[in-house]
Amino acid sequence: MTFALDTLEQLAALSETMVGAAGMGEWDKLASLEARRQRLADSLPASLASELPEAARAHARSLIERYLHDHHDLLQLVHARLDELRVVLRAAPPAA
């Protein structure tokens with residue numbers, strides 16, 4: 001397996017973990033996982049598609065699609081939490 005494909009595997013697995021953390025309201029854990037996700041994503045070469053052997057491209061594509069699906073789910077959970085926090089902040093008494 002190539003470095004890029006291994007990294008994509010890690011990103012796909014990490015995205016599932018991130019969705020789970022957000023679903024459980026583990027926001028500190030999610031923040032830590034996001035830092036790890038960013039490091040992994042930054043390590044991918046810009047020319048990823050051209051560097052992968054043809055046989056690995058379909059697998060890479062499915063990993064990226066899995067990651068994007070999880071990312072979409074994660075964004076929905078994060079936006080829901082932000083909406084909850086906005087309500088709490090509006091209801092909070094003004095600071096003295």
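Analyst: Ser15 is found in helix α1. Helices here are DSSP runs (H or I, at least four residues; strands are E, at least two), numbered from the N terminus. The model is predicted, so local features need pLDDT of at least 70, side-chain atom pairs count only at pLDDT 80 or more, and totals for chains, interfaces and linings use all residues. Residues are numbered from 1 along each chain as its sequence is written, and side-chain values use heavy atoms, with hydrogens and water left out.

Ser15 has a relative accessibility of 4%, so it counts as buried. Buried means under 20% relative accessible area, exposed means over 50%, and partly exposed lies in between (1.4 Å probe, protein chains only). A polar atom of the Ser15 side chain lies 2.7 Å from the backbone oxygen of Ala12. For a polar contact, the cut-off is a pair of N or O atoms within 3.5 Å; within protein, one must be able to donate a hydrogen and the other to accept it, and residues adjacent in sequence count only if both atoms are side-chain atoms. Setting aside neighbours within four places in sequence, Ser15 is in contact (heavy atoms within 4.5 Å) with Arg66, Tyr67 and Asp70.

At 1% relative accessibility, Thr7 counts as buried. Its side chain reaches the backbone oxygen of Phe3 at 2.9 Å. Beyond neighbours within four places in sequence, Thr7 is in contact with Leu40, Ser43 and Leu44. Leu40 is one of the buried residues of α2. Thr7 and Leu68 are 61 residues apart along the chain, with their C-alpha atoms separated by 15 Å.

Now the helix that holds both residues. α1 has 21 residues and reaches 30 Å from its first C-alpha to its last, close to the 30 Å expected at 1.5 Å a residue. The expected span is 1.5 Å times one less than the number of residues. The buried residues of α1 include Ala4, Leu5, Leu8, Leu11, Leu14, Met18 and Ala22. Their cover includes α2, α3 (48-51) and α4. Just after α1, Gly25 takes a positive phi of about 75 degrees.

α1 also leads the core. The largest nonpolar core has 21 residues, and Leu5, Leu8 and Leu52 have the most contacts inside it. The elements giving two or more residues to this core are α1, α2 and α4. The most comes from α1, with ten residues. Such a core is a set of buried Ala, Val, Leu, Ile, Met, Phe, Trp, Tyr and Cys residues joined through side-chain atoms within 4.5 Å. Not counting residues up to four places away in sequence, Leu5 touches Leu52, Ala56, His59, Ala60 and Leu63. In soluble globular proteins, nonpolar side chains tend to be buried together.

Next, α2. Its buried residues are Leu30, Leu33, Arg37 and Leu40. Seen down the axis of α2, these fall within an arc of 80 degrees, so they line one face of the helix. The arc is that of the directions from the helix axis to the C-beta atoms. The face turned away carries the exposed residues Asp28, Arg39 and Asp42. Cover for the buried residues of α2 includes α1 (3-23) and α4 (54-91). Leu33, with a relative accessible area of 11%, is buried. Leaving out neighbours within four places in sequence, Leu33 is in contact with Leu14, Thr17, Met18 and Ala21. Leu33 and Thr17 are 8.2 Å apart C-alpha to C-alpha, and 16 residues apart in sequence. The 17 residues of α2 (residues 27-43) should span 24 Å at 1.5 Å a residue, and the end C-alpha atoms are 24 Å apart, which agrees.

Then α4. Its 38 residues should span 56 Å at 1.5 Å a residue; the end C-alpha atoms are 56 Å apart, which agrees.

Last, the whole chain. The chain has four helices and zero strands. The radius of gyration is 17 Å, well over the 12 Å that the globule rule gives for 96 residues, so the chain is more spread out than a compact globule. That radius is taken over C-alpha atoms, and the rule is 2.2 Å times the number of residues to the power 0.38. The C-alpha trace spans about 60 × 20 × 20 Å along its principal axes. Buried residues make up 26% of the 96 residues. Of the contacts with a separation of 6 or more, 74% come from residues 24 or more positions apart.
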